[in-house]
Amino acid sequence: MKYEGTELTENTNSPLHGAFFEPFKEEFKNRLFKNNGIVQTLNGKIKGIQSSNHDLKDTEIDELLRASNKPEDWLEICFYSEQNSKLNHEKLWLVGLTKFNSSALYLENLGYFYYKKGKYHKALDYLSKSHALEKSFFALTLAIAASYAVTHYHLVVDYFHKLNAKERLKLTDDLLFKVATAAQYEQQYDFALEIFELVHKKNNYAQLPTLKESLLAKFGGDSKMKNWFNQIQTKINDIEFRKKLTLEEMITYANVLMHENKFDKALEHLECVRKERFNKLMSRET
């Protein structure tokens with residue numbers, strides 16, 4: 001059988017590269033090598049994977065695939081092949097699909113292979129197929145990270161909702177902040193607030209003042225805050241007036257808008273601040 005594969009370049013800048021997912025996979029691989037044992041069983045037939053200076057022949061791959069009776073067998077072979085950088089690892093992973101495409105475990109690990117390579121759309125494709133067969137905490141959290149990487153924010157929120165309460169507490173703050181950010185992009189502001197509260201609860205942070213409490217403390221009362229806001233609001237559309245405001249005043253104006261549940265206007269205002277005050281600075285730095 002003729003097998004085709006595509007070489008990929010490792011992308012070590014991928015989101016959460018190794019920080020959250022790699023320990024899960026290292027534990028799985030170690031357990032696989034210890035308990036499954038196809039590498040030891042095949043012995044001589046598999047030596048070429050470790051020592052070959054060129055890619056495996058299709059006949060060699062065929063022989064290994066015939067000897068693999070379950071997904072764990074081929075997964076072990078794929079992981080074992082990582083010792084040899086000269087092999088086309090993607091080719092081996094895709095060959096496994098010809099025999100184990102109905103295994104959620106195999107599809108999940110193939111999804112992680114593509115995630116590590118920075119091929120997030122491909123990762124999501126195989127992870128979605130894995131989810132359709134069987135729910136997995138690892139696959140769902142990986143899908144959250146991959147979806148965020150390609151700005152599919154609706155998928156970030158959808159996959160998070162598939163996790164139960166105990167599973168959500170296992171997520172790192174970084175992953176939770178990605179979910180909260182995605183929720184804001186999807187204009188699900190109450191849900192974003194729930195995520196921030198989850199981070200607060202998970203870490204036992206000291207209770208922070210509410211937005212209203214912070215604003216009232218800043219202005220010294222509700223009437224003073226409203227007077228200041230009304231004065232700004234009448235002139236905020238004038239670019240020359242905006243230039244005279246400090247960055248703190250601009251952010252405070254956005255906070256008052258959010259306090260009044262005008263989240264869309266607050267976001268629009270902050271986008272305006274970013275373009276007017278930071279675009280030129282960022283262009284100079286790059």
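Helices here are DSSP runs of H or I at least four residues long, and they are numbered from the N terminus. With that in hand, take helix H8 (residues 120–133): Lys-129 and Asp-125 are 4 residues apart in it, so about one helical turn separates them. Before going on, a word on the ground rules. This is a predicted model, where local features need pLDDT of at least 70, side-chain atom pairs count only at pLDDT 80 or more, and totals for chains, interfaces and linings use all residues. Residues are numbered from 1 along each chain as its sequence is written, and side-chain values use heavy atoms, with hydrogens and water left out.

The side chains of Lys-129 and Asp-125 meet in a salt bridge, at 3.8 Å from N to O; the term asks for a side-chain nitrogen of Lys or Arg within 4 Å of a carboxyl oxygen of Asp or Glu. How exposed are the two partners? We call a residue buried under 20% relative accessible area, exposed over 50%, and partly exposed in between (1.4 Å probe, protein chains only). Lys-129 has 39% relative accessibility, so it counts as partly exposed, and Asp-125 is put in the partly exposed class by its 33%.

Arg-31 makes a salt bridge with Glu-27, with 3.7 Å between the closest N and O atoms. Both sit in helix H1 (residues 22–35), 4 residues apart, or about one turn of the helix. Arg-31 is partly exposed because its relative accessibility is 42%. Asp-222 is partly exposed at 31% relative accessible area, and Lys-226 is partly exposed at 45%. The structure holds 17 salt bridges, and some of them join up: Glu-26, Lys-29 and Glu-82 are linked in a network.

Now for the inside. A nonpolar core is a set of buried Ala, Val, Leu, Ile, Met, Phe, Trp, Tyr and Cys residues joined through side-chain atoms within 4.5 Å. Which members of the largest core touch the most other members? Among its 65 residues, they are Trp-74, Tyr-115 and Phe-160. Helix H9 (residues 137–149) supplies the largest share of this core, 9 residues. Apart from it lies another core, of 15 residues, including Leu-215, Met-225, Ile-236 and Met-250. As for Trp-74, if you skip neighbours within four places in sequence, its contacts (heavy atoms within 4.5 Å) include Ile-61, Leu-64, Leu-92, Val-95 and Phe-100.

A pair of aromatic rings is described by the distance of the centres and the angle of the planes. Here, rings of Phe, Tyr and Trp (its six-membered ring) pair if their centres lie within 6.5 Å; planes under 30 degrees apart count as stacked, over 60 as edge-to-face, and the rest as tilted. A search of the whole structure turns up 24 such pairs. One of them is stacked, Tyr-114 with Tyr-126, at 5.8 Å centre to centre and 10 degrees between the planes. Tyr-114 lies in helix H7 (residues 104–116) and Tyr-126 in helix H8, so the pair ties together parts that are 12 residues apart in sequence. Both tyrosines are buried. Phe-229 and Tyr-253 are stacked as well, with 5.1 Å between centres and 20 degrees between planes. That pair links distant parts of the chain, with Phe-229 in helix H15 and Tyr-253 in helix H17 (residues 247–259), 24 residues apart. Phe-229 and Tyr-253 are both buried.

Rings also gather in a group: Phe-20, Phe-21, Phe-24, Tyr-112, Tyr-115, Tyr-120, Phe-137 and Phe-138 make up one aromatic cluster. To count as sitting over a ring, NZ of Lys or CZ of Arg must be within 6 Å of the ring centre and within 35 degrees of the ring normal. The charged end of Lys-25 does likewise over the ring of Phe-28, 4.8 Å from its centre.

Last, look at His-161 in helix H10 (residues 153–161). At 43% relative accessibility, His-161 is partly exposed. Beyond its neighbours within four places in sequence, His-161 is in contact with Arg-168 and Phe-191.

Methods
Helices (H or I, at least four residues) and strands (E, at least two) are DSSP runs, numbered from the N terminus.
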